[in-house]
Amino acid sequence: MKYEWKKEEKQLYLPKTLPELITVPKQKFFMLKGKGNPNRDSFAEEVGVLYSLAYAVRMMPKQGYTPEGYFEYTVYPLEGLWDLTEEGRKSATLDKDEFLYTIMIRQPDFVTQDVADKAFELVRKKKPHPLLERVVFDTMEDGLSVQMLHLGSYDNEPQSFNLMRDFIAKNNLEITSLKHREIYLSDARKVEPAKLKTVLRYRVKPIA
């Protein structure tokens with residue numbers, strides 16, 4: 001039976017529309033760092049390269065290579081870790097050209113560095129792209145976090161962030177990083193802005 005992350009990991013990927021406290025374990029990702037407005041064409045290319053690697057892993061058995069521990073699964077959603085440059089922080093209004101980001105796609109636990117290297121090899125043969133040189137395979141552990149499901153346009157996310165900050169303050173917590181995580185449950189190319197579903201997450205710690 002195919003592993004469905006939406007069913008098996010609801011706490012991480014289908015949170016409520018109100019803030020909640022969770023603990024996020026260590027996870028493996030294909031990751032790519034960048035800077036600038038996510039609405040530009042080059043950002044879409046970066047996303048495409050990540051998906052080419054993710055699907056290379058997913059389809060390996062059909063290429064004659066089955067990693068140890070492999071199981072059928074649904075490819076995980078695109079995620080992003082977002083920050084601003086120093087200039088962006090000083091600006092009175094949000095300048096999307098000053099975004100710093102790491103976009104990433106989670107990989108199942110059976111994916112080792114050797115399996116990731118095999119994915120790079122397959123993609124370089126089938127769909128070579130200079131952006132592949134910027135992609136890394138690495139782990140990340142959010143640990144204690146506050147997250148919620150944001151419904152609607154990305155431009156309206158500040159409303160949800162305000163709810164999260166209120167929750168954090170009321171629960172004697174503090175944000176440990178100005179970066180925040182977003183998990184994209186909807187394809188913005190196919191879903192109208194009002195119906196987008198995005199998981200928003202801050203790393204936090206108790207106030208000593």
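1. What is the volume of the second largest pocket? The second largest pocket has a volume of about 250 Å³, a volume being the space filled by probe spheres set on grid points that are joined across faces, edges and corners. A pocket is an open set of points on a 1 Å grid over the protein atoms alone, where a 1.4 Å probe fits, with protein on both sides within 12 Å along at least five of seven lines, and lining residues have an atom within 4 Å of a point. Helices H3 and H5 (113-126) each give two or more residues to this lining.

2. This is a predicted model, in which local features need pLDDT of at least 70 and side-chain atom pairs count only at pLDDT 80 or more, whereas totals for chains, interfaces and linings use all residues. Residues are numbered from 1 along each chain as its sequence is written, and side-chain values use heavy atoms, with hydrogens and water left out.

3. The largest pocket, with a volume of about 1600 Å³, is lined by 46 residues, and Trp 82 and Glu 182 are among those nearest its centre. Helix H3 (41-58) contributes six residues, the most of any element; helices (H or I, at least four residues) and strands (E, at least two) are DSSP runs, numbered from the N terminus.

4. Strand E7 (197-206) pairs in the antiparallel sense with E4 (135-151) over seven bridges and with E6 (180-184) over four, where pairing requires that DSSP finds at least two bridges between two strands. Leu 149 stands opposite Val 199, and Arg 181 has Arg 201 as its bridge partner.
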